[in-house]
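Here are my notes on this structure. Keep the model open while you read, and check each point against it.

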Amino acid sequence: MAISFTNKVAIITGAGGGLGRAHALHLAKLGAKVVINDLGGSLDGSGGNSAAAEKVVAEITAAGGEAIANGASVSDDAGVANLVKQTMDKWGRIDVLVANAGILRDKSFGKMELKDFEAVVNVHLMGTVKPCKAVWEIMKAQGYGRIVVTTSSTGLYGNFGQTNYGAAKLSLVGLMNSLKLEGARDNIKVNAICPVAATRMTEALMPPTILEMLKPQFVSPAVAYLASDDAPTGIIITAAAGVFAAAQLVETDGVNLGQSATADDIAAHFGEICDWTTAKHYGQGGEQNAKFLARVQEKPVSG
Ligand code: NAI
């Protein structure tokens, strides 16, 4: 059966523009009732009003869909509580949360003030944690929930001038990794989207011909898939320009150097330690721990 969100209620944060707007339009087209949350502030997170969210609601309703606007900041406790209450009062359930809101305060680490680091971590990390926390018990009680967090290539791989953003974006993978385990029993699936798209976040970085290929709506089908009934859990899908891939953390099998191993032994065996042909992904931390306990039974490689 084709993926449908009929009778499903989805909250999309930061949906007043860019990727969030595209995800909201896409989910609405697939039948979801959508809550368009957006603070409507500038790229660095200052200012704001609910006009951006209301504009997207107007677009969805004009196309025959159902949507409501919410102008809360995702990092504000009372605002997030109200976002969830407004949704429950209107539609009585929350099936999908797409945590997409974000800001940028780029600067090289030496020049960055801690307040700019904290502001970015606050919006991306706590601005994902707080909506997740606010919908969690509702999703558990429903025995159904789909959460999509938004990570970034900067978080996965790094980018000059974005230490704050990179740290914040990879933290969402950490959140997903444990939340997927805690949600499994109640049919709550938690995944991550890692997009590249032409939005106000990236418009100054690339030439117009490239930006044209990177329309935000080319990413949204992956979000819909990750939020669908048969979604996987704990998966990172990377997406741009109609190209879709997956990313994951992996670890090599390693080498048992014995319990008297020295730094020189590490240096001598660094190639084997980093033998990526043996690398694999672990479904949870305990699986990695079990590898150590299994490998320690083997005879150590002599230095
Ligand atoms: P954008 O700036 O167009 O959209 C972000 C939206 O979040 C804005 O509408 C903004 O008003 C809203 N927002 C900011 N702070 C908020 C808050 N405290 N509460 C509620 N809403 C708030 O940027 P874009 O590119 O659409 O970004 C969406 C997400 O995708 C972000 O999490 C971003 O980090 C992520 N991302 C974007 C990439 C890209 O290539 N555009 C690459 C990787 C990740």
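Among contacts in the protein with a separation of 6 or more, what percentage comes from residues 24 or more positions apart?

1. **Contacts along the chain.** The figure is 70%: that share of the contacts with a separation of 6 or more joins residues 24 or more positions apart. Bear in mind throughout that this is a predicted model.

2. **Overall make-up.** The protein has 11 helices and eight strands. Its radius of gyration is 21 Å, close to the 19 Å that the globule rule gives for 303 residues, so the protein is as compact as a globular protein of that length. Along the principal axes, the C-alpha atoms fill a box of roughly 70 × 45 × 35 Å. Of the 303 residues, 44% are buried.

3. **Helix 1 against helix 2.** Start with residues 18–29, which form helix 1, and residues 51–62, which form helix 2. These two helices pack at an angle of about 25°, and their axes are 10 Å apart. Angles under 35 degrees count as roughly parallel. Helix 1 and helix 2 are therefore roughly parallel to each other. Their crossing is right-handed. On the helix 1 side, the contact is made by Arg 21, Ala 24, Leu 25 and Ala 28. Helix 2 supplies Val 56, Glu 59 and Ile 60. By class, the residues of this contact are five nonpolar, no polar and two charged.

4. **Helix 3 against helix 4.** Now look at residues 77–91 (helix 3) and residues 114–142 (helix 4). This pair packs at an angle of about 40°, with axes 9 Å apart. The crossing of helix 3 and helix 4 is right-handed. Helix 3 brings Asp 77, Val 80, Val 84 and Met 88 to the contact. Helix 4 brings Lys 130, Pro 131, Ala 134, Val 135 and Ile 138. The classes here are seven nonpolar, no polar and two charged residues.

5. **Ala 69.** Find this residue in strand 3, which covers residues 66–70. Which residues does Ala 69 touch, not counting those up to four places away in sequence? They are Ile 36, Ala 53, Glu 54, Val 57 and Gln 86. Take Ala 53 as an example: it is 16 residues from Ala 69 in sequence, yet 5.3 Å away in space, C-alpha to C-alpha.

6. **Met 126.** This residue is in helix 4. Is Met 126 buried or partly exposed? The cut-off matters here: buried means under 20% relative accessible area. Met 126 has a relative accessible area of 30%, so it is partly exposed. Leaving aside neighbours within four places in sequence, Met 126 is in contact with Val 74, Val 121 and Pro 131. Met 126 and Ala 168 are 42 residues apart in sequence, and their C-alpha atoms are 9.3 Å apart.

7. **Backbone angles to check.** Most residues other than glycine have a negative phi. Look at Asn 7: it is not a glycine, but its phi is positive, about 70°. Asn 7 lies in the segment before strand 1 (9–12). Its relative accessibility is 59%, so Asn 7 counts as exposed. Ala 241 also is not a glycine and has a positive phi, about 55°. Ala 241 sits in the loop between strand 7 (236–240) and strand 8 (243–247). At 36% relative accessibility, Ala 241 counts as partly exposed.

Note on methods. Residues are numbered from 1 along each chain as its sequence is written. This is a predicted model: local features need pLDDT of at least 70, side-chain atom pairs count only at pLDDT 80 or more; totals for chains, interfaces and linings use all residues. Side-chain values use heavy atoms; hydrogens and water are left out. Axes are lines fitted to C-alpha atoms, for helices over the stretch in contact, and angles run from 0 to 180 degrees between N-to-C directions. Helices (H or I, at least four residues) and strands (E, at least two) are DSSP runs, numbered from the N terminus. Angles under 35 degrees count as roughly parallel, over 145 as roughly antiparallel, 65 to 115 as roughly perpendicular and the rest as oblique. A crossing is left-handed if the near helix is turned anticlockwise from the far one by less than a right angle, and right-handed if clockwise. Contact means heavy atoms within 4.5 Å. Ala, Val, Leu, Ile, Met, Phe, Trp, Tyr, Cys and Pro count as nonpolar, Asp, Glu, Lys and Arg as charged, and the others, Gly among them, as polar. The radius of gyration is taken over C-alpha atoms; the globule rule is 2.2 Å times the number of residues to the power 0.38. Buried means under 20% relative accessible area, exposed over 50%, partly exposed in between (1.4 Å probe, protein chains only).
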